[in-house]
Amino acid sequence: MLCPLLFLSAFIVLAGAQQQSVTQPSVVDISSCPITYYGQKYEKLYVTFTRRDIVMCFDKFYDPRNEGDCIVGSSPDKRRAAFNIVQAESVLERWVKNKTQTIQNSLRCSVQITMQISSSKISLHLLNFGTEAALSLEAHGTGLVAFYTQVSDVLINKVEVNNVLNNNHNDTIDISGCRHSDTVYKPGTVVNSDPQICSSVTCSETATLQTSGCGPLEHCQGNGICVLDTMLDSTCTVTGPTVIDVHGHMNSIQDRCAYSLFSTPSLPDFLVLGNFRDRRRKDVSFLDSVTLRVDGHDIHLEQGGRVQLDDSTLTLSSSPQLVHGVQLSKDQTGVTAELTNLNISVFFDGNTAQILLEGPAGSSVEGLCGNSSSSLSDLRLSEYSSTSCEMQYSETADSTIDCTSVTERCNLLKEAPFSSCNTDIDPEPYITACTDTLCKYPAVDGLNCQFLKAYARACSLHNHALDGWTSNTGCSSEAFCQDRTCSDHEFCGEKTVSGDTRCFCRTIFASKYQANNSLGDATVCKENSASLTLVGCLLEDKDINYSALHLNDPTCRGRVDKLTHMVTFSFNSSNRCGTVVTTNNSYIIYKNTIRSQNYSDVITRKDQVQIDFSCVYSQPNINTATFRIRDWSVAQCITSGAWNYTLTIKAYTNAGRTQLVEWNSELQLNEKIWMVLKTDGLDGSMVSVVTDSCWATDKASPTSSPRHDLIINGCANPADPTVQVEENGLATSTYFSFNMFRFTGGSSDIFLHCQLHLCPKQGNNCIPTCNTPARVRRSASLTYEPEAPAFISVSWTY
C-alpha cells in the first residue's frame, strides 16, 4: 500500500510559491506557511551544511557555540536540498493525526524538504496545524535515517526510519508546545509554581499558553493568593468626560455611550460600567450614571441619589442594605456600593464615580479603570447604549468662558490644603480634566467644584483629610442635586446662582423642538379625541408654569407624567373643553387652545401662552358603489388623518326601518322603499351629516342619462310626489323614502347616487330649508349651498 507521503509530489503547490534548491548556507522564506516550533512561530528557515549534517534553524544560522531552535540530520549527497510549500490535503491530515494521536487542529499547509542521502530518497515535512505543528520523515532505501529536534542546546525529540531493522518507511512526531520564561511545556501541561509567587502556567491541548498570576496592582501574600496593593493609584476616578485609571493615566470620552469601567477575570459575574450623556452642549459628554451588573442583575446609580435594581427603585439610608451580595448605602455625599467578599467599593454622587480597590483578587483590573488608553470600541457596551451614541458633534466655542481664570481655578489643586496630598496622588490628571472641560463648557451645575471635590475625595480614601478645603474654595462636600429626580431626556442643573436646582432638557433632545420653535410634539388625533403633549423642561426654560395653563375651558388643565415630566392636554366627545368646530371646503376642523391666563386681564407681567391645536374630519369622498337592492347594505370607510368614520347605506321596506331588504325580497313597482345613510365614528354632538342630492340612473356612472332626481338641494324633488325626506342634517344619519320605479325602454337595473357633506353644529343650522312640507322642522334662516359633495351610488333590480 502506498503511504500518503509518497504522493505529496502530486499535491498542489501554494500560489506564488516556487521550489528553492539549496546547496550552500541560505535563508528559505516560509512566511506563506509559518511553523510554530515548540510554541514559537517562525517564518524563515536558516539552512546550513556542516561536514556531517544538514542543520535547519528557525531563529538564526547554526552556531555550535550558541545553538538555537534547530532540526539536525545527516548531510545529503552533494549538499543539496529542495524546499516546497504545499497546500493542505485531508488524507495527509488524517494520517498525521492518526500517527501522533495528539494533534487536534486542522492542517493548513506544509513545508516539504526533499534530498538524497546515500541510497535513500528522503522527504521531510514540517506541517502547519495553526498553534500546533508536526514533523514527518519518509525514507526509501537502505540504512538508518534520523532527524533530531532541539531548543537551544537541549535535545527534544527525533524522527527515525531504519529500513534494516524493519520495513517501516516513515515516522512522525508532534513538535507542538508552549514557551514561558525560556522553558518549553508539552501540550496538556499545567504547572503550578511556588505559591510564594502566585503564578501558574498552562499549555492547552492545542498548544495555547495561558499564565495566571498577580496583576500589576497586586502582590502575592505567600499562600497562592494575590492581594491588591493598598496603593494610592488603586483608586479609579471618573468625572465629567474624564477617566483617571488606577495608574493615574487619563482619557476623555467624546461620545454618549456606555463603557466598561471595571471588571476582573476572577469575578466573571461582576462588571461596573459608566453611562455618558450630553447636557448643555452637544460636544461635551458627562458621566451620567453608573451600573453594577451582578449575577445577571443591574444596579443603577443615578443622579439625585436614586438607585434602581433592574426596574425597581430602592429606598436607601446610611444603614447598608444587602442587595445581591452588594452593600448599598446613601448619605448626603452620595451612594456607596461595596462588595462584601472583596474590598471593592463604588461611590457615585451623581457626577463623579470613584472605584476603590483594596481587597484580594485573582487577576488584574480590566476596563477603562485598568487601562484608560484601551480601545474604546472594545470596551463599548452596545446593550446599554443608544444606537446613535457614537455620533460626535461640533459646536462653536463659548466666547463667555475665560480660560485663564479657569486654569487658575483648576491649579488650586497644587496649593494648600490640596498640596499635602500631591506627593501621594498626582494632581495633574485632575487639573488637566478640569481645564479641558471648563475651557469648553460653562462653569455651572456645580462644575466649578466638581474636579476639586473629586481630588479631595480621592485623597480622603488614602487618609488625607485636607481640612478646610471647602471653605477655601467655596465648595460643599454634599452631593449636587441630591434627591432631585430627572427623566431620561433631562439632567439636573442650577436654576439660579443661589444654588436652586431643576431638571433641564438635554441639548440633543431639545434641539429637535428648538429647530421648529416648538414646545412639544405634534397633535395626536384619535377617534373623537385629540391630545397635545408639551415638554416640561422646555416650558421651564421659558419660565412657564404648566399648572397655570388650561384649554379654552379653564377647568381643563394638563396632566403631568411623573416619569417623563411631559404635560398632556386633551379633549374628547364627552368633555369638549371649549373646542371650536369650523369648516372649510375640505375639512371639519376641531380646534382648541392652550392658554396661560384669562385674556380679559388688563395687564400681565409674563409672556402669554397661546398654543393652538386641532384635528379634522375630511368631507366624505366615496367612490361609486353599486349593489342590487336585495344586497341590503353597502359600507364605505372614510379616513381623515387619525380620525376615521364609516358610512353605510341600507334599504328597508317599512317606515320603522326594521325590515331590511334581503337578498330574496321581492320588490314591486310603486312599492315604497326607505333609504338610510348612517355613519359610525362621528361625534353627533358636534357634527351632522347632510344629504345634498340623490338621483337615479340606469347605468353605474352618475353622469349617465336618463336621470331621475329624488333629492335636490337637500329637499325632496317636487316633481316626484312619492319622495319624502324624513330626516336630513339633524344627526349623523339621514333617511328618505320613495316609490319603486323603472326607466322605460331601458335596463331593469336602477343606480342611486347621493351627494353628502359634514356640517359643524356649532353656530350653524345644518337642516336644509325646503319650500315643500316635510316631516322635520326646517329653518328659514339658512339657505344651504353644498360644499365639496361626495357621491354614494347604489343600484337594484326588480
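Which residues of helix 5 are buried? They are L447, C449, Q450, F451, L452, K453, A454, Y455, A456, A458 and C459. The model is predicted. A search of the whole structure finds 17 disulfides, and three of them are described below.

**Helix 5**
- Helix 5 covers residues 447-460, 14 residues in total.
- From first C-alpha to last it reaches 20 Å, close to the 20 Å expected at 1.5 Å a residue.
- Eleven of the 14 residues are buried, so helix 5 is largely enclosed by the rest of the structure.
- Its buried residues pack against strand 22 (235-239), strand 27 (285-294) and strand 35 (352-357), and also against helix 3 (403-410), helix 4 (428-438) and helix 6 (469-473).

**Disulfide C486–C503**
- The sulfur atoms of C486 and C503 lie 2.1 Å apart.
- This pair links distant parts of the chain, 17 residues apart: C486 sits in the loop between helix 6 and strand 36 (490-494), C503 in strand 37 (residues 501-505).
- The link is left-handed, with -90° about the S-S bond.
- C486 counts as buried at 13% relative accessibility, and C503 is buried at 5%.

**Disulfide C505–C537**
- C505 and C537 have their sulfur atoms 1.7 Å apart.
- C505 lies in strand 37 and C537 in helix 8 (residues 536-541), 32 residues apart.
- The S-S torsion is about 90°, so this disulfide is right-handed.
- C505 is buried at 9% relative accessible area; C537 is buried at 0%.

**Disulfide C556–C577**
- C556 is joined to C577, S to S 2.1 Å.
- The link is left-handed, with -85° about the S-S bond.
- C556 is buried at 7% relative accessible area, and C577 is buried at 4%.

Definitions and conventions: Residues are numbered from 1 along each chain as its sequence is written. This is a predicted model: local features need pLDDT of at least 70, side-chain atom pairs count only at pLDDT 80 or more; totals for chains, interfaces and linings use all residues. Side-chain values use heavy atoms; hydrogens and water are left out. Helices (H or I, at least four residues) and strands (E, at least two) are DSSP runs, numbered from the N terminus. The expected span of a helix is 1.5 Å times one less than its number of residues. Buried means under 20% relative accessible area, exposed over 50%, partly exposed in between (1.4 Å probe, protein chains only). Contact means heavy atoms within 4.5 Å. A disulfide is a pair of cysteine sulfur atoms within 2.5 Å.
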